[in-house]
Each structure stands twice: as structure tokens, then as C-alpha cells.
Amino acid sequence: MLSKEVVRLLNEQVNKEFYSAYLYLDMANYYTDNALDGFANWFTVQAQEENDHAFLFMTYLQNNNERVKLTAIAEPDVPFNDLKTPLDAALEHEQFVTASINAIYEEATKQKDYRTLQFLSWFIEEQSEEEKNSQDLIDRFDLFGNDAQGLYLLNNDLGTRVHTPPSLTL
Ligand code: FEO
């Protein structure tokens with residue numbers, strides 16, 4: 001049986017993952033609006049991954065006989081001043097999610113909840129990949145995004161990203 005606090009944090013994480021999907025869709029819409037369909041594709045795939053994450057947290061709660069509590073998803077309100085702003089905001093957001101997952105891990109450690117710790121270990125690894133992907137995108141934008149031809153090629157490359165289901169199955 002999971003502790004009340006671990007359940008509360010896991011439910012909160014469901015909301016955070018759905019919010020992440022919402023935020024990335026907002027970024028995808030911003031790039032669509034700026035005729036950068038490749039960037040839009042990259043963030044749409046990112047949103048699909050966040051949806052997967054939310055479902056994994058829900059399934060874990062359900063598998064442990066816990067009621068999933070869905071709460072309101074906040075409106076994404078990050079202002080996008082230029083083409084790079086969403087990229088910086090995405091990295092900052094991933095760092096926030098990492099901290100959030102670490103906090104659940106900390107609580108599960110306190111509770112000696114080894115089952116949840118094992119479940120979360122996939123997300124710990126996933127977050128290092130998420131932060132790396134966001135940082136790589138910033139680095140590539142800094143290298144190629146400041147002239148029209150570089151931006152065009154980068155946009156084409158980002159358009160090839162496809163959604164793959166998570167390696168974790170529950
Ligand atoms: Fe669900 Fe991007 O972390």
C-alpha cells in the first residue's frame with residue numbers, strides 16, 4: 001500500500017505531465033504561427049511524450065488500487081518574445097519536472113516505498129534525457145538558427161522527429 005503523501009505527489013505529477021503536454025503544444029502552435037513546421041513537429045512529439053508520462057503515472061496509481069485525481073490544467077502563459085524563448089523555457093521546465101520527480105523519490109525513500117522507487121527510476125533516467133534533448137536543441141539553435149539558411153535546414157531536421165512509445169510498460 002502506498003502512503004497518502006506518495007499518492008498525493010503522484011497525482012500531482014499526473015497534472016504536471018499533462019501541463020507539460022499543454023505547454024509544449026503551445027510552443028508547437030507558436031512555431032506553426034511562425035511558419036516553422038519542423039520546430040512545431042518537434043514540440044508536438046514532445047507533447048505526445050508528456051501525455052505518455054501522464055498515463056504511466058495514472059496506470060501506476062491504478063495498479064496500486066489508488067483513485068486517480070484529475071485536477072484543472074493551467075493555461076500555458078510563457079511569453080514568447082523571439083524564436084529562442086520557447087527553447088530556453090522548455091529546458092527550464094524540464095529542470096522543474098526533474099526537481100518534482102526527485103521530490104517524489106525523496107518521499108518514497110523516507111517511506112521505504114521500494115516499489116515506487118523502482119517505478120520512479122525510469123523517470124529519473126528519462127529526465128536526464130529530457131534535459132539533454134532540450135539543451136541540445138538550444139545549442140543547435142545557437143549554432144545554426146541565426147541565419148535564414150541554417151534555420152531552414154534545422155527546421156527540416158526537426159521535422160523528422162517521430163513519436164516512439166515509452167520503453168516502460170506497466
Ligand atoms: Fe515528462 Fe518532459 O518530462
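**Checking the labels**

Student: How do you know that the length of helix α1 agrees with what a helix should span?

Tutor: The expected span is 1.5 Å times one less than the number of residues. For the 30 residues of α1 (residues 4-33) that gives 44 Å, and the end C-alpha atoms are 44 Å apart, so the two agree. Helices here are DSSP runs of H or I with at least four residues, numbered from the N terminus. After α1 comes A35, with a positive phi near 60°.

Student: Before we go on, what should I keep in mind about the model?

Tutor: It is a predicted model, where local features need pLDDT of at least 70, side-chain atom pairs count only at pLDDT 80 or more, and totals for chains, interfaces and linings use all residues. Residues are numbered from 1 along each chain as its sequence is written, and side-chain values use heavy atoms, with hydrogens and water left out.

Student: Why is N15 called buried?

Tutor: Buried means under 20% relative accessible area (1.4 Å probe, protein chains only). N15, in helix α1, has 18%, so N15 counts as buried.

Student: What makes the link between the side chains of N15 and T71 a polar contact?

Tutor: A polar contact is a pair of N or O atoms within 3.5 Å; within protein, one must be able to donate a hydrogen and the other to accept it, and residues adjacent in sequence count only if both atoms are side-chain atoms. The N15 and T71 side chains make such a contact at 2.9 Å. Setting aside residues up to four places away in sequence, N15 touches T71, A72 and I73, where contact means heavy atoms within 4.5 Å.

Student: Why does T116 count as buried?

Tutor: T116 has 0% relative accessibility, and therefore counts as buried. T116 is in helix α4, and a polar contact of 2.7 Å joins its side chain to that of Y60. Beyond four places in sequence, T116 also touches other residues, including L2, V6 and A108.

Student: And N64, why is that one buried?

Tutor: Its relative accessibility is 11%, so N64 is buried by the same cut-off. N64 sits in the loop between α2 and α3 (85-110).

Student: Which residues is N64 in contact with, leaving aside neighbours within four places in sequence?

Tutor: They are L2 and R115. With R115, the N64 side chain makes a side-chain polar contact of 2.4 Å.

How values were computed. Helix = DSSP H or I, 4+ residues; strand = E, 2+ residues; numbered from the N terminus. Buried < 20%, exposed > 50% of the residue type's maximum accessible area, 1.4 Å probe, protein only.
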